[in-house]
Amino acid sequence: RAPHGSWKSCRASTWRALEAAHRGGHARAIGVSNFGVRHLTELLQDPSRTLPIAANEVEFHPWWPQPELHKLCAERRVA
């Protein structure tokens, strides 16, 4: 079980904290790591999100190409 209710709410509150750090001048760009299609879609559709997702750092190689994730990132301009 997630520490504060659900993992979805945990990811959303973490993103809000990253946005606050950005507004405070502590980050030039913010992103995520190891978000799959479901997690990235949830964040992209979150109405409280005010900043773009600069990057999604994920494992990507010939044995695990993740084409759906790559397509989503390309379409939504997430590096």
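User: Against which elements do the buried residues of helix 3 pack?

Analyst: In this predicted model, helix 3 spans residues 67-75, and Leu69, Leu72 and Cys73 are its buried residues. Seen down the helix axis, these buried residues fall within an arc of 95°, so they line one face of helix 3. The elements they pack against are helix 2 (37-44) and strand 2 (56-57).

User: What is the N to O distance in the salt bridge of lysine 71 and glutamate 75?

Analyst: Lysine 71 and glutamate 75 both belong to helix 3 and are four residues apart, about one turn of the helix. A salt bridge requires a nitrogen to lie within 4 Å of a carboxyl oxygen. The side chains of lysine 71 and glutamate 75 meet with an N to O distance of 3.6 Å.

User: Which residue just after helix 3 takes a positive phi?

Analyst: Helix 3 covers residues 67-75. Just after this helix, a positive phi of about 60° is found at arginine 77.

User: Which residues have the most contacts inside the largest nonpolar core?

Analyst: The largest nonpolar core has 13 residues. Helix 2 and helix 3 each supply at least two residues of this core. Tryptophan 15, leaving aside neighbours within four places in sequence, is in contact with residues including Val32, Leu43 and Ile53. The residues with the most contacts inside the core are Trp15, Val32, Leu40, Leu43 and Ile53.

User: How far apart are the closest N and O atoms of arginine 11 and glutamate 42?

Analyst: Arginine 11 lies in helix 1 (residues 7-23) and glutamate 42 in helix 2, so the pair, 31 residues apart, links distant parts of the chain. Glutamate 42 is partly exposed, with a relative accessible area of 22%. The closest N and O atoms in this salt bridge are 2.9 Å apart.

User: Which residues are linked in a network of salt bridges?

Analyst: Glutamate 42 forms a salt bridge with arginine 11. The side chain of glutamate 42 also meets that of arginine 38 in a salt bridge, at 3.7 Å from N to O. Arginine 38 is exposed, with a relative accessible area of 54%. The network therefore links Arg11, Arg38 and Glu42.

How values were computed: Residues are numbered from 1 along each chain as its sequence is written. This is a predicted model: local features need pLDDT of at least 70, side-chain atom pairs count only at pLDDT 80 or more; totals for chains, interfaces and linings use all residues. Side-chain values use heavy atoms; hydrogens and water are left out. Buried means under 20% relative accessible area, exposed over 50%, partly exposed in between (1.4 Å probe, protein chains only). The arc is that of the directions from the helix axis to the C-beta atoms. Contact means heavy atoms within 4.5 Å. A nonpolar core is a set of buried Ala, Val, Leu, Ile, Met, Phe, Trp, Tyr and Cys residues joined through side-chain atoms within 4.5 Å.
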